[in-house]
Amino acid sequence: MIRPPAVAGRFYPSDPRELTRQVDAFCAAAPERLRAIACMVPHAGYMYSGHVAGAVYAALEIPARCVLLGPRHFPQGQPLAILTEGSFETPLGAARIDAPMAAELARACPLLREDPVAHSREHSLEVQLPFLQRLAGDDLRFAPVVLATDRFAAMEELGRAVARVVRAQPEPVLVIASSDMNHYESDEVTRVKDRRAIDRVLALDPRGLYDTVRSEGITMCGYAATVAMLVAARELGAQEARLIRYATSGDVSGDREQVVGYAGIVVR
């Protein structure tokens, strides 16, 4: 299938030249480029969170192949949805699905279902693609998964399947979890809640993140994707995680009463 862009012109520019300019500015050269197993990046509109995502991508050696895990914000579709063939269109061109790797992942995790409906309106993966297209180039291939489950066992099963599939690949694969942090509380409250969740990610503690988000009422939309990413990263030998950048929407809008938090984390 060819999946057309759902949020171009809203979350990020629809004009290819302006989109390229923005992505390149967000990904200005970092002092070093790290080789990583995984990362967590936000997915809000670029004006709010693009600088956080760009700081993470700029800090990494971006391989040509990725597994993209994100939340499904809309009620339509399967709770664990994958696409195993086709491409996602962006203003920068077609970003192709890694059909062999995606098919392997679908086989490795029977909970996954082929489901274009779940992906059709979802922005959490789409907004990552222009960054990856600019940094990985025409060789970019990815396996897309969106989640709408609150079951830890399902997240864990997916994470272990991702690890098995990634380990079997002949070239590097980056596992990317797309998530914003706490939503629509004050800047002060959001920073406290987000720190609690971030500390669990930095500790490489998937169960701790799951329990903290749920017990503390942290509205981290992509926590399921991040739990699965952490499970996969641990299985793949991760030793540390590093917070690259944190911000809230209030840093841009000036509104400190209703903010969303954004964290960019690298896992090695």
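Q: What makes two strands count as a pair?

A: Two strands pair if DSSP finds at least two bridges between them. In this predicted model, strand β6 (residues 93-97) is joined to strand β8 (residues 141-147) by two bridges, and these strands run parallel. Within β8, the residue that stands opposite Ile 97 is Phe 142.

Q: Which strand is joined to β6 by four bridges, and do the two run parallel or antiparallel?

A: That strand is β5 (residues 87-90), which runs antiparallel to β6 and is joined to it by four bridges.

Q: How is the packing of two helices described?

A: Two packed helices are described by the angle between their axes together with the distance between those axes. Here the axes of helix α1 (residues 16-26) and helix α5 (residues 129-136) come within 10 Å and cross at roughly 80°. Because angles of 65 to 115 degrees count as roughly perpendicular, α1 is roughly perpendicular to α5. On the α1 side the contact is made by Leu 19, Thr 20, Val 23, Asp 24 and Phe 26, while α5 contributes Pro 130, Phe 131 and Arg 134. By class, the residues of this contact divide into five nonpolar, one polar and two charged.

Q: How many of the residues of α5 are buried, and what follows the helix?

A: Six of the eight residues of α5 are buried, so that the helix is mostly covered. The buried residues of α5 are Leu 129, Pro 130, Phe 131, Leu 132, Gln 133 and Ala 136; Pro 130 and Phe 131 also take part in the contact with α1. After α5 comes Gly 137, whose phi is positive, near 80°.

Q: What is a disulfide, and how many does a search of the whole structure find?

A: A disulfide is a covalent bond between the sulfur atoms of two cysteines. A search of the whole structure finds zero disulfides. For Cys 27, the nearest cysteine sulfur is that of Cys 39, 11 Å away, and Cys 27 counts as buried because its relative accessibility is 9%. Cys 66 is likewise in no disulfide, the nearest cysteine sulfur, that of Cys 39, being 7.9 Å away. At 0% relative accessibility, Cys 66 counts as buried.

Note on methods:
Residues are numbered from 1 along each chain as its sequence is written. This is a predicted model: local features need pLDDT of at least 70, side-chain atom pairs count only at pLDDT 80 or more; totals for chains, interfaces and linings use all residues. Side-chain values use heavy atoms; hydrogens and water are left out. Axes are lines fitted to C-alpha atoms, for helices over the stretch in contact, and angles run from 0 to 180 degrees between N-to-C directions. Angles under 35 degrees count as roughly parallel, over 145 as roughly antiparallel, 65 to 115 as roughly perpendicular and the rest as oblique. Contact means heavy atoms within 4.5 Å. Ala, Val, Leu, Ile, Met, Phe, Trp, Tyr, Cys and Pro count as nonpolar, Asp, Glu, Lys and Arg as charged, and the others, Gly among them, as polar. Buried means under 20% relative accessible area, exposed over 50%, partly exposed in between (1.4 Å probe, protein chains only). A disulfide is a pair of cysteine sulfur atoms within 2.5 Å.
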